[in-house]
Amino acid sequence: MDDCIFCKIINNEIPSTTIYEDDDIKAFFDISQVTPGHTLVVPKKHVQDIFAYDEDLAQRVFKKVPMIARAIKASNPDIIGMNICQNNGEIAYQSVMHSHIHLVPRYSKDDDFSMHWGDNTGLASNDELQARANKIKQNLED
């Protein structure tokens, strides 16, 4: 994609701080550095989001995430946890329409990163939950 910033980074048209690269992915620091070490894992093949992955690409990309996450954590004894986020679509906060996985090291509750999870416990009946589950099951691919 000619206008994709991540494709340009992958093709070394835009500089980045790369921490890992192979035939399938490039892992580099997010320019925003939400916390020190904030890294993006990006497939070299341009796919917009998780919905565009085939099984082979998903295996090749996602199998590297634990290795890179462990390396980031091992690089700094102050890292006590990590958020791993993969956003899909603007409504889900995807800002670059080239699939990418955020690895955000966590240092403390005050490290300027947060996620809010609403609690809707009990708003759906067991029958409603089962109906939702059945709809999803009908669409699973083997």
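This section describes the surroundings of one glutamine, the aromatic pairs and the cysteines of a predicted model. Local features were considered at pLDDT of at least 70 and side-chain atom pairs at pLDDT 80 or more, whereas totals for chains, interfaces and linings use all residues. Residues are numbered from 1 along each chain as its sequence is written, and side-chain values use heavy atoms, with hydrogens and water left out.

Gln-94 is placed in the loop between strand E4 (81-85) and strand E5 (101-106); helices (H or I, at least four residues) and strands (E, at least two) are DSSP runs numbered from the N terminus. With a relative accessibility of 3%, Gln-94 is classed as buried, where buried denotes under 20% relative accessible area, exposed over 50%, and partly exposed the range in between (1.4 Å probe, protein chains only). The side chain of Gln-94 lies 2.8 Å from the backbone oxygen of Gln-48. A polar atom of the Gln-94 side chain is also found 2.7 Å from the backbone nitrogen of Gly-89. When residues up to four places away in sequence are not counted, Gln-94 touches Gln-48, Asp-49, Asn-87, Asn-88, Gly-89, Ser-99 and His-100, a contact being defined by heavy atoms within 4.5 Å.

Two aromatic pairs were identified in a search of the whole structure. Rings of Phe, Tyr and Trp (its six-membered ring) are paired if their centres lie within 6.5 Å; planes under 30 degrees apart are termed stacked, over 60 edge-to-face, and the rest tilted. Phe-6 and Phe-28 form an edge-to-face pair, with 5.7 Å from centre to centre and 75 degrees between the planes. Because Phe-6 belongs to helix H1 (residues 5-10) and Phe-28 to strand E2 (residues 25-29), this pair ties together parts 22 residues apart in sequence. Both Phe-6 and Phe-28 are buried. The pair formed by Tyr-53 and Phe-62 is tilted, because the ring centres are 5.5 Å apart and the planes stand at 50 degrees. Tyr-53 is buried at 11% relative accessibility, while Phe-62, with a relative accessible area of 30%, is partly exposed.

The structure holds zero disulfides, a disulfide being a pair of cysteine sulfur atoms within 2.5 Å. For Cys-4, the closest cysteine sulfur is that of Cys-7, at 3.7 Å, which is too far for a bond. Cys-4 is buried, at 7% relative accessibility. Cys-85 likewise takes part in no disulfide, the nearest cysteine sulfur being that of Cys-4, 20 Å away. The relative accessible area of Cys-85 is 13%, and this residue is therefore buried.

Conventions
Polar contact = N/O pair within 3.5 Å; in protein donor to acceptor, adjacent residues only side chain to side chain.
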